[in-house]
Amino acid sequence: MSKYKIAVIEGDGTGPEVIQCTLRVLEASGLDAEFVPIEAGYWAYQKFGKQVTDSAWKIIGESNCVLKGPTTTPTGGGETRMKSVAVTLRQKLDLYANVRPCKSRPGVITPTKFTDLDFVIVRENTEGLYKGVEYEMSEDEVVSLRVFTRKGCERISRFGFELARREKRKKVTLVTKANILQVTDGFFTNIFNKVAENYSDLEHEDIFVDRANMYMITRPDYFDVIVTSNLFGDVLSDAAAGLMGGLGLAPGANMGDKFAMFEAVHGSAPRYEGQKKVNPTAMILSAVMMLKYLGENKIAEEVERAVDKVLLEGAKNKEIVTYDLDGTATNVKMTDEIIKRME
Ligand code: NAD
């Protein structure tokens with residue numbers, strides 16, 4: 001029997017491609033794991049009428065964690081209203097912290113002058129505007145509710161401070177719009193400040209999302225750990241991915257107290273499906289986060305080092321990196337190059 005059982009969601013669109021690349025790297029790394037593909041995704045909804053089938057939930061329940069490829073969600077307003085697979089899993093498995101590091105990678109050309117990016121977005125992952133409480137009041141009026149709970153605000157604040165301590169960071173910034181959304185974000189700010197009293201070794205502050213958005217572009221070194229609500233975190237983390245050089249490079253983890261799921265920040269990029277074109281780095285670095293979660297730090301470091309070697313060499317040799325890095329390689333070729341550089 002393997003040391004770990006990992007439930008794998010291949011995803012939709014370009015998801016299966018980046019998952020295959022990632023599994024090849026993990027298999028080459030010598031990780032002692034059984035990878036079990038499960039029925040989850042828009043494809044599963046179309047085939048079985050459920051975006052996560054009963055058998056998938058069962059396998060998840062028997063696994064150490066989930067490795068998830070990006071999945072497609074049909075846009076509301078169309079015929080199909082399917083709740084996002086990611087949101088379904090995050091809420092049902094109570095994976096309340098979405099951790100999205102923003103880190104410069106060697107050799108990658110970025111849209112700003114900042115080459116030493118290093119901050120982490122900790123996004124509340126189970127409530128806020130993504131709680132899914134929406135109504136059609138009439139043909140002419142629709143409403144979405146923003147739901148915050150004391151438990152939700154407390155635990156995400158604590159998670160941010162604990163992560164800051166663990167990673168020897170200095171400052172935790174709460175991002176809200178408490179001047180306008182006074183009830184919900186005012187509540188969150190008060191709870192965050194109360195939690196901060198237990199972390200006198202760390203600086204803390206709260207700023208509004210509009211200013212945070214500008215700072216992210218003009219002075220990203222202002223940030224160390226950002227704690228924020230679901231929608232703001234979603235929007236800010238794509239901006240952070242842009243800073244790093246694109247969505248193809250941005251990994252993520254969905255963390256709960258007892259379980260975790262690892263997925264890239266990007267979506268299923270369906271327009272590139274079948275072209276083996278999209279960058280596998282974000283998904284592979286999400287697997288690196290999974291390896292660290294499992295305590296396999298040596299393997300994690302080895303994989304990350306190999307990815308960085310390819311990115312660095314790729315600055316000169318465009319045949320080994322994908323189109324988003326101005327390269328010509330398929331994701332299969334880029335994965336071959338990563339595996340070649342593993343010890
Ligand atoms: P997207 O992230 O899929 O793609 C936006 C653009 O970013 C792409 O067209 C491409 O130019 C670039 N990109 C994305 N991934 C890349 C990669 N690995 N390498 C290089 N470039 C990459 O966002 P979208 O087009 O807004 O959404 C497409 C679908 O994905 C939607 O159905 C959406 O709901 C879903 N989605 C899923 C998740 C998830 O599974 N967690 C997250 C975001 C979006």
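Predicted model: local features only at pLDDT ≥ 70, side-chain atom pairs only at ≥ 80, totals over all residues.

Reader: How many residues surround the ligand, and which are the closest?
Author: The ligand is surrounded by 22 residues. The closest are Lys 68, Thr 73, Gly 267, Ala 269 and Asn 279.

Reader: What classes of residue make up that shell?
Author: The shell around the ligand has nine nonpolar residues, eight polar ones and five charged ones.

Reader: Which polar backbone atom lies 2.9 Å from a nitrogen atom of the ligand?
Author: That polar backbone atom belongs to Asn 279. As for cover, the ligand taken alone exposes 810 Å², and the protein buries 71% of that.

Reader: Turning to the chain, what domains does the assignment give?
Author: Domain 1 comprises 1-101 + 246-343, and domain 2 comprises 110-244. Their C-alpha centres lie 24 Å apart.

Reader: How many residues of each domain are in contact with the other?
Author: In domain 1, 21 residues are in contact with 21 residues of domain 2. The area buried between the two domains is about 1800 Å², and carbon and sulfur atoms give 52% of it.

Reader: And how many salt bridges are there between domain 1 and domain 2?
Author: The count is three. There are also 12 residue pairs in polar contact between the two domains.

Reader: With which residue does Arg 155 form a salt bridge?
Author: Arg 155 pairs with Asp 94, and their closest N and O atoms are 2.7 Å apart.

Conventions:
Residues numbered from 1 in each chain as written. Heavy atoms only, no water. Near = heavy atom within 4 Å. Polar contact = N/O pair within 3.5 Å; in protein donor to acceptor, adjacent residues only side chain to side chain. Areas by Shrake-Rupley, 256 points an atom, 1.4 Å probe, with all protein chains shown as cover. Nonpolar A, V, L, I, M, F, W, Y, C, P; charged D, E, K, R; others polar. Domains from an automatic or database assignment. Contact = heavy atoms within 4.5 Å. Buried area = accessible area lost by both parts, 1.4 Å probe. Salt bridge = Lys/Arg side-chain N within 4 Å of Asp/Glu carboxyl O.
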